[in-house]
Amino acid sequence: MTIPPHEKAALKKLYSDRLAQQGPTLAALGWTKPTHTLRYRVLLDYWLSPPPSGPLRVLDFGCGFGDLLGYAQSRHIALDYTGLDINEDMIDIALERHPGARFLCLDPLAERFDETFDVVVSSGVHNYRFADNRAFTDDTFGLFDRLSRWGFAVNFLSDRVNFKGDANHHSAPEDILNLALRHSPRVSLRHDYMPFEFTVFVDKRNEIEAGLNVFVPFARDCKP
């Protein structure tokens with residue numbers, strides 16, 4: 001699903017207005033608490049065990065100011081990083097904060113984008129209410145599958161809450177799990193690090209160890 005032009009324009013305006021009012025702060029991104037670094041740790045740590053042999057090639061879908069890259073640098077995590085966002089104002093700030101890093105302003109659901117990454121990650125993008133969030137999630141999962149070699153990780157607001165903001169979309173974990181399983185049988189869902197959010201990991205490295213019927217990375221734990 002390509003986001004309808006009026007919804008895309010409204011989304012871009014929302015963030016540009018916040019930026020004009022709040023400055024380049026967490027509040028401009030819609031985060032009211034400094035929990036973004038926890039989200040980044042959850043998104044990245046899955047792909048770092050065992051440690052990759054070189055920099056992890058990551059596409060940050062909806063990168064905002066590129067804060068995930070700053071987080072990785074603070075933890076000495078080597079990334080071959082590309083940040084992508086549809087909002088030009090966000091990309092301008094990301095380039096100021098991270099000179100030399102790669103940031104692109106485009107909508108890969110509507111524009112041609114044929115690169116391949118180890119991993120695609122996305123934080124907060126699926127929390128905005130569209131007319132058809134299910135179609136948006138379905139199509140972004142298809143895009144992430146196409147762009148990734150290893151897999152992708154996405155976080156969501158959970159529908160297991162006692163309050164929902166009018167502008168927010170809350171996803172049912174079981175629905176996202178079922179959607180994720182369409183892309184790989186090797187899927188994890190974490191609903192354990194914050195009470196009202198969760199992250200799903202779709203791991204395409206799903207080769208099975210013959211004779212054991214387990215995914216290859218777990219074969220070493222099977223002892224006679």
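Let's start with how the chain folds back on itself: in this predicted model, 64% of the contacts with a separation of 6 or more are made by residues 24 or more positions apart. The protein holds six helices and nine strands. Its radius of gyration is 18 Å, close to the 17 Å that the globule rule gives for 224 residues, so the protein is as compact as a globular protein of that length. Along the principal axes, the C-alpha trace spans about 65 × 40 × 35 Å.

Now look for the sheet. Seven strands build an open sheet with mixed pairing, and their order is S3-S2-S1-S4-S5-S7-S6. The edges belong to S3 (102-105) and S6 (187-190); each has a single partner strand, so one side of each is left without a neighbour in the sheet. On average, neighbouring strands here are turned by 15 degrees against each other, direction ignored.

Within the sheet, take S4 (residues 117-122) and S5 (residues 148-157), which pair in the parallel sense over five bridges. To find your place in this pair, pick Val120, whose bridge partner in S5 is Phe152.

Next come two of the helices. Helix H5 (residues 133-147) lies across S1 (56-61), S4, S5 and S7, and runs at about 150 degrees to S5. Helix H2 (residues 36-45) lies across S4, S5, S6 and S7 (197-203), with an angle of about 20 degrees to S7.

Finally, consider the surface. Of the 224 residues, 47% count as buried. The accessible surface comes to about 11,200 Å², and carbon and sulfur atoms account for 53% of that area.

Methods: Residues are numbered from 1 along each chain as its sequence is written. This is a predicted model: local features need pLDDT of at least 70, side-chain atom pairs count only at pLDDT 80 or more; totals for chains, interfaces and linings use all residues. Side-chain values use heavy atoms; hydrogens and water are left out. Two strands pair if DSSP finds at least two bridges between them. Helices (H or I, at least four residues) and strands (E, at least two) are DSSP runs, numbered from the N terminus. Axes are lines fitted to C-alpha atoms, for helices over the stretch in contact, and angles run from 0 to 180 degrees between N-to-C directions. Contact means heavy atoms within 4.5 Å. The radius of gyration is taken over C-alpha atoms; the globule rule is 2.2 Å times the number of residues to the power 0.38. Buried means under 20% relative accessible area, exposed over 50%, partly exposed in between (1.4 Å probe, protein chains only). Accessible areas come from the Shrake-Rupley method with a 1.4 Å probe; for residues, only the protein chains shown count as cover.
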